Each structure stands twice: as structure tokens, then as C-alpha cells.
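Work through the exercises below with the sequence and model open. Each task is followed by a stepwise solution.

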Amino acid sequence: MDTSRQYAITLDHQDPLQRFRKEFYVTKDKIYLDGNSLGLLSKRSEQAVLSILGAWKNDAIDGWTMGKHPWFYLSEKVGEAFAPLVGAKPDELIATGSTTTNLHQLLASFYKPEGKKTKILADELNFPSDIYAIKSQLQLKGFSPDEHLVKVKSRDGHTLTTEDIIASMTDDIALIILPGVLYRSGQILDMRTLTVAACERGIPIGFDLCHSIGSIPNYLSEWNVDFAFWCTYKHLNGGPGSVAGIYVNEKHLGSEPGLSGWFSSKKDKQFDLEHQLTPAPTAGAYQIGTPHVLSLAPLIGSLEIFQEAGIQAIRQKSLALTDYLIALMEMELSEFGFKIASPMEHLSRGGHVYVTHPNAASICKALKDAGIIPDFRSPNGIRLAPVALYNTFEEVWQTVEVLKQIMRDQKYKKYENTRGVIA
Ligand SMILES: *Cc1c(COP(=O)(O)O)cnc(C)c1O
């Protein structure tokens with residue numbers, strides 16, 4: 001491969017998505033590679049927030065039913081816009097809650113221990129919040145997490161194998177919760193095969209798509225996944241604390257969720273204010289209370305961008321960017337002790353690259369001081385996420401160049417090898 005800067009510039013000229021970069025607030029003298037933790041603000045999201053604020057300013061209570069984006073139907077409308085990204089039908093989707101509260105809702109709805117089927121299967125590499133939610137729901141049902149939470153083990157500390165997961169789908173498992181893309185290594189799990197195996201064993205299966213939605217195509221309906229949930233502030237660029245999402249397969253729709261509230265209602269019944277809930281016949285039933293309208297607003301704009309760019313084109317560019325980053329690191333940084341822990345095969349690699357190094361924390365600090373924003377994952381991981389909608393090949397080239405200087409001149413030694421409060 002050509003390692004010149006000119007080659008990177010050529011790749012940028014050939015990029016069919018290059019026009020989207022100018023839609024985002026990209027800081028001039030920085031290279032932002034942290035879009036898998038908090039995506040950047042787009043001008044369209046900003047406009048959408050201003051439009052919702054305008055409705056509040058001008059229409060007050062009537063904003064619920066009037067204006068361009070009536071708030072009463074906004075969760076459903078944003079939910080529909082998730083459809084092409086997760087491969088589901090509009091009725092199977094709703095924008096609501098946060099990742100963790102949605103997982104609580106789904107556990108309350110789908111975890112039905114019975115007889116010897118009492119355990120929940122998860123994995124030892126998942127994000128702690130998911131594990132905490134599972135443990136508290138087990139406890140609420142009177143089961144000890146020590147015995148009833150089964151975690152699939154990783155053979156290499158970074159990835160899981162399909163065989164190991166399927167081997168853990170034993171007779172005592174009542175429910176399976178797994179990530180679609182692992183938050184550290186970026187490994188994509190084979191959701192189709194896992195769902196087939198779970199279905200054959202009569203075990204409901206749900207996926208956390210936090211690192212999957214917006215970075216890879218998903219086909220939840222076609223795979224027959226029971227349910228899924230995700231946040232929208234990572235690849236979907238919804239902003240800090242933006243409203244999350246839920247998918248429930250249509251075969252499960254039409255009943256009351258585990259945790260009900262008045263927004264679980266069928267819309268035309270809600271204001272009858274009866275004490276008997278008539279649940280929405282859609283995934284809207286999984287809502288609880290009043291939607292966080294101001295945190296839904298940015299999604300109106302950002303999902304429009306995804307609609308225009310198309311998830312297939314985004315995935316193609318994302319793979320080209322991570323291929324390029326990996327190739328450059330292997331050619332330029334081989335003497336400095338970095339290990340790439342993300343899968344090499346396209347089928348298994350999500351939208352970011354995970355690199356380990358004994359001095360990862362100090363290297364991240366040196367990168368930040370040089371204007372490059374990675375993210376550090378304790379104890380020794382660096383996540384680099386070149387995002388298809390707003391990063392360039394030239395930025396990837398510059399990042400490797402700066403890393404080379406930091407390593408060659410041992411600039412990282414100036415920094416303590418410890419993490420900050422948020423890392
Ligand atoms: C980001 C992330 C979360 C975050 O949960 P919130 O409720 O949105 O704070 C949870 N699980 C996974 C796998 C994540 O990547």
C-alpha cells in the first residue's frame with residue numbers, strides 16, 4: 001500500500017460520502033476519532049432542536065399536537081426513522097428512554113423464569129451497565145446473580161466465539177442478552193446464527209446495538225431477533241443523553257410491557273385516562289412516561305442524514321477507513337509494540353479499531369495534546385473510530401503520523417499512565 005499523504009488525499013477525492021463532512025461541526029484544528037462514544041453535532045440536528053424550542057416558545061401546550069413535529073407522535077416518528085438502520089418494521093420500533101432503562105424494561109417484559117429455566121445468559125466482555133441491569137432484575141425476581149447470571153467466557157480477552165455462546169445455551173437458560181458489536185474490540189457477533197440457535201432451544205434473545213446502529217447494517221426482523229435496544233449518542237450523533245431506542249419483534253406486540261405507564265397506551269385511548277391500560281399495538285407500548293422531547297429533537301436531523309447517505313454506503317466507507325488505519329499502523333508502527341485487537345475479517349469488524357499497548361493511557365494523553373481525540377479503555381486499550389460521515393482518510397494518515405512521532409520521540413513518557421475521570 002502507498003503510505004504517502006497524497007494517497008490519502010486521493011482516497012478522499014474518490015469518497016462518495018465526502019459531502020456529508022461539511023454538515024457537521026468538525027473542529028478545525030482537531031481530529032475527532034471518538035464518534036463511537038459521542039458523535040458530533042450536525043447542523044441539521046441543531047436546526048431540529050431550535051425548531052422544537054420554537055414550538056415550545058410559540059405554541060406552548062399546543063406543541064403536543066401542532067406544528068411541524070407534534071410532540072405527542074415524535075417518539076413513534078423517530079422510531080420509524082430507525083427502520084432502515086436496524087432492518088425492522090416501523091411498528092416494531094420506538095424512540096424512548098436510555099439504553100439501560102430500556103434494558104430494564106425489556107428484562108421486565110421478557111425474563112420469565114419458570115421451572116428449571118431461571119438463568120440469564122450474557123457475556124464477560126459486555127458493558128457493565130448491561131450486567132448491572134441484569135443483576136438487579138434477577139434480584140427483583142428473587143434469584144441470586146452469582147448463580148443465575150451465566151457469562152460466556154472469552155478465549156483471548158477480546159472476542160467471543162459463536163460456538164462458545166451456543167454451547168452456553170443450556171436447558172436452564174430463560175433469556176439471552178448479548179451485544180451486536182462488542183464495545184471494546186469492536187467484534188460483530190453473528191446475530192443471525194445466534195438467533196437461530198436460541199430459537200431452536202426456545203430461548204428469547206435480545207441484542208444491545210449501542211455500537212452497531214449507525215455503523216453496520218442490521219436485519220433484526222429478517223433474523224427474527226426477539227428484541228433489541230440501543231443508544232443514539234454514539235454513531236447516530238443524537239447528542240449527550242439523546243433518547244434511545246427499542247425494537248420488539250411483531251410476534252410479541254399487543255400485550256402489556258413489564259413496566260407500564262400512561263405512554264404505553266394506545267394513542268387514541270391515552271386521554272380517556274382510564275385505570276385499565278389499553279396497551280399500544282406497537283412497540284410504542286414499551287414507553288413509560290412523557291417523552292424527553294428536547295432530547296429527541298436532534299435525532300430528527302441526524303436520522304435524516306443517515307437516510308440520505310444510506311447505511312450500506314456508510315458501512316463501505318467505514319470498512320475502507322478501518323482497513324486503511326490498520327494497514328498504516330502495521331506498516332508504520334510495527335516496532336512500537338501496538339497490538340490490534342479488533343477482528344481483521346470484514347464480517348466480524350464493527351466501526352472502530354481497538355489497539356492495546358502497555359502505555360495506552362499516556363499515549364492517549366499525548367494524542368489529545370496533539371489535537372487527536374481517541375478514547376482510552378482501562379487498562380490498556382485505545383479505541384480509534386474513524387467515522388464514515390465526517391472523518392477523512394487524510395485524518396487517518398495524520399493520526400498514524402502523529403502516533404509515530406509520539407512513539408519515536410517517546411513523548412508519551414511525559415504523561416502519567418493512568419486514566420482520567422471519564423475515559
Ligand atoms: C454506551 C453503552 C451503554 C450506555 O448506556 P446508557 O444507559 O445509554 O448510559 C450501555 N451498553 C452498552 C453496550 C454501551 O455501549
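**Exercise 1. Classify the residues that line the largest cavity**.

Solution. Step 1: the lining has 6 nonpolar, 6 polar and no charged residues. Ala, Val, Leu, Ile, Met, Phe, Trp, Tyr, Cys and Pro count as nonpolar, Asp, Glu, Lys and Arg as charged, and the others, Gly among them, as polar.
Step 1: list the lining. It holds Gly214, Ser215, His235, Asn237, Phe306, Ile314, Ser318, Gly351, Pro386, Val387, Ala388 and Leu389.
Step 2: take the volume. A search of the whole structure turns up 1 cavity of 30 Å³ or more.
Terms: on a 1 Å grid over the protein atoms alone, a cavity is a set of points where a 1.4 Å probe fits but cannot get out; a pocket is an open set with protein on both sides within 12 Å along at least five of seven lines; lining residues have an atom within 4 Å of a point. Points are joined across faces, edges and corners, and a volume is the space filled by probe spheres set on them.

The model is predicted: local features need pLDDT of at least 70, side-chain atom pairs count only at pLDDT 80 or more, and totals for chains, interfaces and linings use all residues. Residues are numbered from 1 along each chain as its sequence is written, and side-chain values use heavy atoms, without hydrogens and water.

**Exercise 2. Describe the largest pocket**.

Solution. Step 1: its volume is about 550 Å³.
Step 1: 37 residues line the largest pocket, and Gly97, Ser98, Thr99, Thr100 and Ala244 are the closest to its centre.
Step 2: helix 5 (99–110) and helix 6 (128–140) each give two or more residues to this lining. Helix 5 supplies the largest share, 5 residues. Helices are DSSP runs (H or I, at least four residues), numbered from the N terminus.
Step 3: by class, the lining has 14 nonpolar, 18 polar and 5 charged residues.
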